[in-house]
Amino acid sequence: MAQRWIAEWEPEDPGFWAREGRRTARRNLFLSVFAEHIGFGVWSLWSVLVLFMTAENGFALTPDDKFLLVSVVSLVGAALRLPYGFAVTRFGGRNWTVFSALVLLVPTGLAALLVRNPSTPFWALLLCAAVAGLGGGNFASSMVNINHFFPEREKGWALGLNAGGGNLGVATVQLAGLAVLGAAGVAHPEILPLLFVPALLLAAWLAHRRMDNLAAARTEYGVYRTVLRDRHCWILSVLYIGTFGSFIGYSFAFGLVLQNDFGRTPAQAAALTFLGPLLGSLARPVGGRLADRWGGARVTVGAFFGMGLGTLGALGASAAGSLALFVTAFAALFVLTGLGNGSTYKMIPGIYAATSASREEGRRRAGAVIGISGAIGALGGVGVNLAFRQSYQATGDGVPALTAFLVFYALCATVTWAVYLRRSPVAADPVWA
């Protein structure tokens, strides 16, 4: 059985790392990835359940209602990331992983009950979707925890793998939704949330048996107050809105856009929606690796430039009414958001390693910024869905929303270049540049 607390942890010591550090860190990483993966699946559950809620299935929900449901899920998940990031430093990675997995039994059980009845009032669906936002907080606690296990030279890979494995939960729930549609049709949406019950129990049991708590990961409130006064915290949070916010926002909205703009049925939409989150999740650790090699700022600028091109492709496809081109453009967008996710998070520990008075202070400040930027960045998912909702209300299509995203990506690329690549003394530091 794993230790409850590890008092001494020195990943920067090569002897310690080779002797026991690497083995312990990787064990905690893989178990954290599994628990976070299931948490992301629960968080993304409503992006699939809304596809079942059609007039043919007895539901009277409008496109506005559906975008509002997934926006509420995104909002709660974003709001919980900061307290979740702090909680893991107070209660321990092992302890919090067990709790955060078990508490997700509540939204899965509620969803299974409510979606069986087309006459369920909309406020009840909103409340259930909000509770599913608990799964969004798991990302921050997992990332903050894993950040403390690995040395600086391996953080890009470790954080990218942790985040990418978690993000794959979006593709998992969409593939599971496609399987349910194929096996039982639109009449039994309750099967989908029930599939997560045994997975959550297994994640909690494995975390209890095999994960560790790190005493060195404890962070005080003062660290959060300190980094909130630091410009890098806010700049990185804006960049994370552009990368992760786009990823999770598009993941929730893509199926609805396909239904509204191209008339796809639930099964036809579900057959395409999993592709983007899958590619984006797989690209995230690649982004971390590229950042380890070439520098986080350079990879992040390239990702935003590519996202601008992908958005232009989506606008062109929408104007031409080409489903194939639209899906291709969005697939490219998902890949680039994944690369940008990995490179942006690689920047965080390196910046604070280079600008802090001590190694331990750098770790604590980086952990706090990971929690803060994760929370603020996830708000981008809310913005994406609200932008699409307003766009459809105003014009009947998603063109205004996509145009706004294009402008924002150009802004993010410019900020990254100006702050971290153009004659910046911090960017010149080889630790992270």
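I take helices as DSSP runs (H or I) of at least four residues, numbered from the N terminus. The model I have open is predicted.

**Entry: end of α17**

I looked up helix α17 first. Helix α17 covers residues 359-395, 37 residues in all. At 1.5 Å a residue I should get a span of 54 Å. I find 53 Å between the C-alpha atoms at its ends, which agrees. Then I checked what comes next in the chain.

**Entry: α3 against α6**

Next I took the pair α3 (residues 63-91) and α6 (residues 122-132). I get axes that come within 8 Å and cross at roughly 30°. Angles under 35 degrees count as roughly parallel, so α3 and α6 are roughly parallel to each other. The crossing of α3 past α6 is right-handed. I listed the residues that make the contact. From α3 I have Asp-65, Leu-68, Leu-69, Val-72, Val-73 and Val-76. From α6 I have Phe-122, Leu-125, Leu-126, Ala-129 and Ala-130. By class, I count 10 nonpolar residues, no polar ones and one charged. I keep a general point beside the list: an α-helix has 3.6 residues a turn, so residues three or four places apart point the same way.

**Entry: Ala-79**

I stayed in α3 for Ala-79. Is Ala-79 buried or exposed? I read a relative accessible area of 53% for Ala-79, which makes it exposed. I also checked Ala-79 against Tyr-352. The two are 273 residues apart in sequence. In space I get 24 Å from C-alpha to C-alpha.

**Entry: α12 against α14**

Then I turned to α12 (residues 231-262) and α14 (residues 275-294). Their axes come within 10 Å and cross at roughly 150°. An angle over 145 degrees counts as roughly antiparallel, and α12 and α14 therefore run roughly antiparallel to each other. I note a left-handed crossing for α12 past α14. Which residues meet here? On the α12 side I find Tyr-240, Phe-244, Phe-247 and Ser-251. On the α14 side I find Pro-277, Gly-280, Ser-281 and Arg-284. I sort this contact into four nonpolar residues, three polar and one charged.

**Entry: Thr-24**

Last, I looked up Thr-24 in helix α1 (residues 14-43). Thr-24 has a relative accessible area of 9%, which means it is buried. I set aside its neighbours within four places in sequence. What I then find in contact with Thr-24 is Ile-6, Trp-9, Phe-149 and Asp-212.

Notes: Residues numbered from 1 in each chain as written. Predicted model: local features only at pLDDT ≥ 70, side-chain atom pairs only at ≥ 80, totals over all residues. Heavy atoms only, no water. Axes fitted to C-alpha atoms, helices over the stretch in contact; angles between N-to-C directions. Helix = DSSP H or I, 4+ residues; strand = E, 2+ residues; numbered from the N terminus. Parallel < 35°, antiparallel > 145°, perpendicular 65-115°, else oblique. Left-handed = near helix turned anticlockwise from the far one by under 90°. Contact = heavy atoms within 4.5 Å. Nonpolar A, V, L, I, M, F, W, Y, C, P; charged D, E, K, R; others polar. Buried < 20%, exposed > 50% of the residue type's maximum accessible area, 1.4 Å probe, protein only. Expected span 1.5 Å × (residues − 1).
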